[in-house]
Structures are given as structure tokens and as C-alpha cells.
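Subject: Structure handover

Hello,

Here is the structure for you to look at. Please open it and keep it beside this email as you read.

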Amino acid sequence: MIHNGHKDTKKVSSTQQKHSRGGWNAAIFIIFVELAERFAFYGLAGNLITYLTNELNEPTSTAAKNVNTWVGVSCLFPLLGAFIADSLLGRFKTILLSSIIYFMGMVLLTLSVSVIPLHYRKAIFFVALYILSLGEGGHKPCVQTFAADQFDEDSIEDKKAKSSFFNWWFLGIVAGSSSAILVVVYVEDNVGWAAGFGMLAIALAVSLTMFLLGIKRYRRQGPLGSPFTTVAQVLVAAVRKWRVDETRDGCGVYHGNDGDEPHVPGQAKTRTLTHTNQLRSLDKAMIIDKLDVMKTIKNPWRLCSLNQVEEVKLVLCLLPIWLSCLMFPIIMSQIHTYFTKQGSTMHRSIAPNFILPPASLQALVGLTILINIPIYDRVFVPITRKLTGHPSGITVLQRIGVGLFLSIFIMVVSALVEAKRISVVKEHNLLDKPKAIVPMKVWWLLPQYVIAGLSDIFVYVGLQELFYDQMPEAMRSLGAALFLSVIGIGNFISSAIISVVQTISSSYGEEWLGDNINRAHLDYFYWLLAGLSVLNLCVYVCIAKRFVYKKVEEDDVLAEKEMGAINGVP
């Protein structure tokens, strides 16, 4: 109802502002922010063990543990950052605050390797390192989610653009990390640590500036409430009513009141989820019984709306997918460890006076991704879209499944190449000479790096999209944090598997992962991981078949429009 001309003008200006913000015009700024942040992170992480061993004189095993701990913590802190963003500050403010903390940590790190006195250097260095982890905790779960928020879910064009966005987002991450591995690591090794870390601090300053430049283009959401409170309320209410029978004791289902979840201007409106038959024991939380009818004020710890119950179902149904994807980062963690160890023993000369550093082979993964992401987005998706009718060509779970399938071949190829390397070692009597260069070209490792890059495109991009789309709107930062925790927990499990393999193989007199890689049985270890990956894929397929995608009331109409657009029907 229009009360006066002033209010009508306000409505029009608000609508115009909504349409003038968001989309690719806003998301491109955030992609460049993430590119700079990844450049800084990998410029540090890629060569951190070298600094710890060469400059701080730590034993290799201690340095490796410190690196693994730091990476693991950096991937788990986002759970805290997601909670703060969703319940207290909102994504925009959390990104801004965490970017400032991140920049301050990198400046302190640069000072610790240059002007800080030697007897304080190690302590200040580690303080700066974990300040960076704190900044990562707020940055990682929010930046990608905030960028995806720039696309309107109720728009057919924006929905297609968002699927494409996740591909280009991952491309930006890879571009930043690969350039850091190739450029910053060289500067750190050949010019100085202060110069290398200084470059990273400058990159973060540029990242923060870019983020602020796009401030008028962003669609922003404020905090939507603690996600953990919603989950706890539904679980408690379901337990309290476990004896309630809907047909005998129930007075209907509680769908919520308009006043329960007021819409805040400028924020995305929470969409109504349709009822599902999964985890039906939680449905008791929304049954109105006689006690609820007698009370004038609803007790949120005894009665929850259908939407709340379905939101909690979404979160709980994602956990089996989360568990079944932990094997993938275990496979990928070999790239930074034993793949590099393999390469260090092989012939790496690519010019008369230039020997390729073994760690630089990691750039092959990034190069594979850089080449194939545009092919996937511009060739694979349009072709499969015509065949399947799906806006993204294949579903997110199918995409992840393809990547998990490819990860098996990473280990199979790696085991075969390692067996070939050992045969050459035996042929030239180098079994007891672990530091000798094996007369075998390092390019034998190329296939396993390429397959790793291809599987990355399917699994990690798919997981990012899954944990964004399938999470409730109020929990999407938490979804991004859950994706990152897959990597963190996977790396911790990888270390545990190595310890178990070492203990068991040593008890039988043969160390599979001994210091002398020529007498070790690295190929056996790779075959073990391949076998575990096969079992994991079977479990994943069983879980994926039973997974029900999030469905909202508006999706039926939107799906019809999408199919019409795909088939060329107006």
C-alpha cells in the first residue's frame, strides 16, 4: 500500500540500489583480493620449512611438525571465524578486520627476519606466524562466501553465473599460489627472507586496498544469528518431545510466524525450505503439542519452525559427505612431501646451468588447473548441459565423485613410477646412496602431478560449491569453514597414517618410509593409499546416492524457467 510519494520514491531507489550492486562487477574485486591473499599464504607456506631448518636451525622432523601444525591450525581457525561472521559481525566486517590482522602479522613476520635482535627472533617469528593464522581464520570462510553472495539466487542468469564463479574463483586461487611458488620462493632463496616476506606484506596491502575500492558495489549481509543456537534448539526440542506422536498428541506442525525471523533491509531474505523425509526424528521438534497450545509465548527450546528443522537437517546431512572426502586431502598432501622427495633424487637439469628445484614441480599442479579450468567452464559445462539439462552440466556430487575417482589414479601412477625408479636404482647399484642422482628424468613424475591438478578441479571446486549452496543462508560462512576443515583434518590424518605405517612396517624389519628412500618401499605406501581411496570412493557413492539436495518453495518455478532457458524456450 502506498501511503505517500516519499515512501514510493524510497522504494524505487532501494530497488535500483539492489540491482546496481552485486554480480560480476562486485565479485571480480573479491577474486583479486583472494588471489593476493593466496599469493601471500603460499609464498610463506611453500618455503617455510626451509626457513625453519636453515635460519632457525630446527631439526627437519621438528620443522616438519611445526609446518604441519601451523597449516592445520590455519585450516581449523576458520570455524571460529565463521561463527563470528554469522553470529556477530557479518561477513564484510569480518573480512575487513581479519585482513587488517593478516597484514599486521605479515609486517611483524618481515620485521622478525630483519630488524628484530637474534635472541628474540624465533619467539617473535612464531607469534607473527600464529597472528597470520588468526587472520586466516576470519578471511578464509568469509571471502568466498561473500563473493558468492553477490549473485542473486532467484535470478536464472545469476544462478548460472554463480556456478561459473566457483570455477574462476579456484582459478584465481591457483594463479596466486603458483606465482608465489615460482617467484617468491626464488626471491627468498636468492635475494633474502626480508625481501621475500616484504613482497608478501605488499601483496596483502594491495589486497586490502582492492577490497575497499569495491565497497560501493557489494551486496552486504549483517549477522544472521548464531548457527549453533539453531542446531542446539532443534536437537533439544526433538529430545524433549521424543515420546510425542503427531497423530495422537499433536495439534499440527509449527510453520513459524512472520515475526519470528524479521527481514532486515539490505539482507538476503531467508527462503522457505520444503519438508523432507530425512532424519524424521527431528520432525518432533516442530510438532505442536498440548503444552505448546497452552503457552502464549513460544519456547524456542521446545518448539521450532519447519524451516529451522530443515536447516538443521541440511547441516547434518552434509556431515557424511564431509567424512567421505577426508581421503582426498590425504592423497594431495603427498604432493608437498613424498612427491618432492622422489623428485629430489631424479635428474632435474633442464638447461646447462639450471637445475629445477624439486619443490617447484608443485607448480605443475597449478599449471594444469590454469589450463583446464577455462576448458571445463567454456567447453565441458555447455556440452554436458545440453545432454543433462542441468545448469552446471553435472551435479556437484557427480563432480566430486569424478575427482575422487581420479585421485585413485594419482596413487596408482605414483606407485608405478616409484617402482620404475627403484628398478633404475638397483640397476646402477645406488641402493645405499640416497643422495645420489638417479639417471632418470624428473619428467616421469609429470603424469601424477597432472592427474592431481585435474582431480583438484573436480573435488575442491565441487566441495566449495556444495558447502555454499547446501548450507542454510545463515550458516554459509560455517559451510566454507567446514570445507577448509576437510583439508586441515585430512593433513592431520595423513601424518597419523605415516606414523602407523612406520610403526607396523618397522616391526616387520622393513621401513616403508625410511630416510633412505632407495631402500624404502614408497611404492607400497602409494598402493596402500590407492586401496584406501577405492574403499573411500565406494563409501562416497553410497552416501551420495542417498543425499537429498536442498529444495525451497520457489525452486519448482525457477527450475521450469531454467529448463526453458536451456532448451531455448522463452
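Below are the findings, starting with the whole chain and then going to single places.

**Ground rules**

This is a predicted model, where local features need pLDDT of at least 70, side-chain atom pairs count only at pLDDT 80 or more, and totals for chains, interfaces and linings use all residues. Residues are numbered from 1 along each chain as its sequence is written, and side-chain values use heavy atoms, with hydrogens and water left out.

**The whole protein**

The protein has 20 helices and four strands. Both are DSSP runs, numbered from the N terminus: helices are H or I with at least four residues, strands are E with at least two. Of the 570 residues, 51% are buried. Buried means under 20% relative accessible area, exposed means over 50%, and partly exposed is in between (1.4 Å probe, protein chains only). Now take the contacts between residues at least 6 apart in sequence: 81% of them join residues at least 24 apart. Contact means heavy atoms within 4.5 Å.

**Two helix pairs**

Start with helix H15 (residues 363-388) and helix H17 (residues 446-469). Their axes are 8 Å apart and the packing angle is about 45°. That makes H15 oblique to H17. Axes are lines fitted to C-alpha atoms, for helices over the stretch in contact, and angles run from 0 to 180 degrees between N-to-C directions. Under 35 degrees counts as roughly parallel, over 145 as roughly antiparallel, 65 to 115 as roughly perpendicular, and the rest as oblique.

The crossing of H15 and H17 is right-handed. In a right-handed crossing the near helix is turned clockwise from the far one by less than a right angle; anticlockwise is left-handed. On the H15 side, the contact includes Leu-364, Ile-369 and Tyr-376. On the H17 side, it includes Leu-446, Asp-456 and Phe-458. By class, this contact has twelve nonpolar, three polar and one charged residues. Nonpolar covers Ala, Val, Leu, Ile, Met, Phe, Trp, Tyr, Cys and Pro; charged covers Asp, Glu, Lys and Arg; the others, Gly among them, are polar.

Next, helix H10 (residues 227-240) and helix H12 (residues 306-324). Their axes come within 9 Å and cross at roughly 105°. H10 and H12 are therefore roughly perpendicular to each other. Thr-230, Val-231, Gln-233 and Val-234 of H10 meet Gln-308, Val-309, Glu-311 and Val-312 of H12. This contact has four nonpolar, three polar and one charged residues.

**Single residues**

Pro-329 lies in helix H13 (residues 327-332). It counts as buried because its relative accessibility is 2%. Not counting residues up to four places away in sequence, Pro-329 touches Tyr-460, Val-486, Ile-487 and Gly-490. Its C-alpha atom is 6.5 Å from that of Asn-491, 162 residues away along the chain.

Ser-177 lies in helix H8 (residues 156-190). At 9% relative accessible area, Ser-177 is buried. Leaving aside neighbours within four places in sequence, Ser-177 is in contact with Arg-38, Phe-39 and Tyr-42.

Ser-344 lies in helix H14 (residues 338-344). Is Ser-344 buried or partly exposed? Ser-344 is partly exposed, at 26%.

**Cysteines**

Cys-142 is buried, at 0% relative accessibility. Cys-325 is buried, at 0% relative accessibility.

Best wishes
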